[in-house]
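Open the structure in your viewer and keep the selection tool handy. We will go from stop to stop, and at each one you will hear what to select and what is there.

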Amino acid sequence: MANVVSFSGILSNEQELNPDFYNWNRIRVRYCDGASYTGDVEAVDPDTKLHFRGARVFAAVVEDLLAKGMKNAQNAIISGCSAGGLTSILHCDNFRALLPADTKVKCLADAGYFINAKDVSGEPHIQTFYNDVVTTHGSAKHLPSSCTSKMRPGLCFFPQNVAQQIETPLFLVNAAYDSWQIKNILVPGVADPHGTWQNCKLNITRCSPDQLNQMQDFRMQFLSALTGDDSSSGGMFINSCYAHCQTELQETWQRDDSPVLAGTTIAKAIGDWYYDRSSFQKIDCPYPCDKTCHNNI
């Protein structure tokens, strides 16, 4: 594990690069539990000696930060990328409840809106995987009860089944062709035993017409999973890039050549939303129309 990590994008302390949040207190929490801080198993795995107690870690981190001064915060955001983005969704209302009532609290999820979709072989690979994660980590009691009261806990690890019930303002940043989801939900290795998708997964410009058609279908499934998450307090920046995580990289957060939607960078969209200057709920046109993308290649 690296001893030094970069604070860039939304974590930058330079006004020019991060105009709305550069002078905030910024805390980066290491991801260490494998279940977006929902695990809560008392027993230690006798073979691996692993502890599945991410929910306790989350509570301890917040308790420590409150004691260090966060209890006096006027403004707060819980944000994260990938599994951290999923953490921001699953713990959004919980984080709000742990801070003083007069603190302005909002949640930001970057590349954390993982959808429940079948892979190219027609199998529910990610659904099975998430069910195993929730079972292994004993996550059910830390997932939103508004979801677990209606469906199996494993399904409540998918944001599409919990986002509509979140009461705290939530902003979603996601690529409709999220590169992690394409590689692990649409085309996990088990669904592509002969590696016919390998070049495509590495570089979207190398995808065949048929592969692109399947990715376009995945985009439509992704957009359908967003349906209903359109409250006036929420926001979204859904671009058509082949990317994963865009708020913590300077090149995609705020730079002269950063991705834009409706002429707006991710940094400006989120800043305007957080400070209630204007709302932002935009969905990009299909690939390859967006020429501002920084695609993973």
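Start by selecting Lys49, which sits in the segment before α1. Because this is a predicted model, treat every value on the tour as computed from it. The phi angle of Lys49 is near 65 degrees, a positive value in a residue other than glycine.

Next, colour the strands. In what order do the five strands of the open sheet run? The order is β1-β2-β3-β4-β7, and the pairing is parallel. Now look at the edges: β1 and β7 (281–283) stand there with a single partner strand each, so one side of each has no neighbour in the sheet. From one strand to the next, the twist averages 10 degrees.

Stay with the sheet and select residues 170–175 and 235–239. These are β3 and β4, which pair in the parallel sense over five bridges. Show the side chain of Leu172 as well; opposite this residue, in β4, stands Met236.

Now for the largest pocket. Select Arg26, Ile27, Arg28, Ile77 and Ser79: of the 38 residues that line the pocket, these lie nearest its centre. Which element gives the largest share of the lining? That is β1, with seven residues. The volume of the pocket is about 1200 Å³. If you colour the lining by class, you will find 21 nonpolar, twelve polar and five charged residues.

Move on to a pair of helices by selecting residues 179–186 and 209–226. The former is α6 and the latter is α8; they pack at an angle of about 105 degrees, with their axes 12 Å apart. Angles of 65 to 115 degrees count as roughly perpendicular, so α6 is roughly perpendicular to α8. To see the contact, show the side chains of Gln181, Ile182, Ile185 and Leu186 on α6, then Gln214, Met215, Phe218 and Phe222 on α8. How do the residues of this contact divide by class? Six are nonpolar, two are polar and none is charged.

For the last stop, select Tyr287 and Pro288. Is the peptide bond between them cis or trans? The bond from Tyr287 to Pro288 is cis, with omega near 10 degrees.

Terms used:
Residues numbered from 1 in each chain as written. Predicted model: local features only at pLDDT ≥ 70, side-chain atom pairs only at ≥ 80, totals over all residues. Heavy atoms only, no water. 1 Å grid on protein atoms, 1.4 Å probe; cavity = no way out; pocket = protein on both sides within 12 Å on 5 of 7 lines; lining within 4 Å. Points joined across faces, edges and corners; volume = space filled by probe spheres on them. Helix = DSSP H or I, 4+ residues; strand = E, 2+ residues; numbered from the N terminus. Nonpolar A, V, L, I, M, F, W, Y, C, P; charged D, E, K, R; others polar. Pairing = 2+ DSSP bridges. Axes fitted to C-alpha atoms, helices over the stretch in contact; angles between N-to-C directions. Parallel < 35°, antiparallel > 145°, perpendicular 65-115°, else oblique. Contact = heavy atoms within 4.5 Å.
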